[in-house]
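Reader: I am new to this structure. Please take me closely through one part of it, the site where the ligands sit.

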Amino acid sequence: MTPVIVNGFEIHPGALDRAAQMAVVDDIRGVLRAAPLFQPRTRRGPMSVRMSAAGQFGWISDSSGYRYDARHPGGQPWPEIPASVMALWDRYANSPRTPECCLINWYAKGARMGLHQDMDEQDYNCPVLSVSLGDDALFRMGGTERKAPTTSHWLSSGDVVLLTGPSRRAFHGIDRVRDGSSTLFPDGGRLNLTLRVVT
Ligand code: MD3
Ligand code: FE
């Protein structure tokens, strides 16, 4: 399928069918058994999104600031990135590098993510690949300056977004999640995976 380009963001609607979505969710449940979701705290307070990760590095945020770290806050190394998720990178990322982090974001009812840039990775020439699962989310995309105009796009379960080129450095966020819009999770909610090269 040819992607939709919105504001320089490469969106692949319905990249994963229902069976593929369920297989990825199953694999991520396995990751979360070894590396449970936690609530990152920033200087601005606790985030509404809960997080975990797989791969060599995960993103953590605590009293000493935020950073990529080789260990979960519980002290254990992160589990391996599941093959079902790695396969999406191979298919959509078009990158010679291998992802070193699969960040896992869980949006329970009411969770959101403010407009931000992802600047903790060392090489912005490496793309980021995002996979949306569960409830629909209103994704806001801007430019490389906070004041640049933004456009919004609903992301649905099974959508893949490739952040490459100028969009890799662009401000973005999740304004809201539409509760009950998907049946993938029996009790609702949204899972977002982002594959990243960190070093
Ligand atoms: C644009 N996640 O984890 S995914 C994040 O749905 C994050 O949970 C959102 O923003 C979510 O940092 C949006 C789309 C996305 C992911 C990473 C990006 C857009 C991006 C990195 C750089 C630029
Ligand atoms: Fe981000």
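**The ligand site**

Author: Strand 15 contributes the most to the shell around ligand 1, with four residues. Strands here are DSSP runs (E, at least two residues), numbered from the N terminus. This is a predicted model, in which local features need pLDDT of at least 70 and side-chain atom pairs count only at pLDDT 80 or more, while totals for chains, interfaces and linings use all residues. Residues are numbered from 1 along each chain as its sequence is written, ligands are numbered from 1 in the order in which they are written, and side-chain values use heavy atoms, with hydrogens and water left out.

Of the 20 residues around ligand 1, Asn-105, Tyr-107, Asp-118, His-172 and Arg-190 come nearest; a residue is near if one of its heavy atoms lies within 4 Å. The shell divides into nine nonpolar, seven polar and four charged residues, with Gly counted as polar and Tyr as nonpolar.

One lies 2.8 Å from an N or O atom in the side chain of Arg-190; for the side chain of Arg-196 the distance is 3.0 Å, and for that of His-116 it is 3.2 Å. Taken alone, ligand 1 exposes 490 Å², and the protein buries 98% of that, by the Shrake-Rupley method with a 1.4 Å probe.

His-116 also coordinates the iron ion (ligand 2) through NE2, together with Asp-118 (OD) and His-172 (NE2), at 2.0 to 2.2 Å. Donors are N, O and S atoms within 2.8 Å of the metal (3.2 Å for Na, K and Ca). Asp-118, in the loop between strand 9 and strand 10, and His-172, in strand 14, are 54 residues apart.

Technical notes:
Polar contact = N/O pair within 3.5 Å; in protein donor to acceptor, adjacent residues only side chain to side chain.
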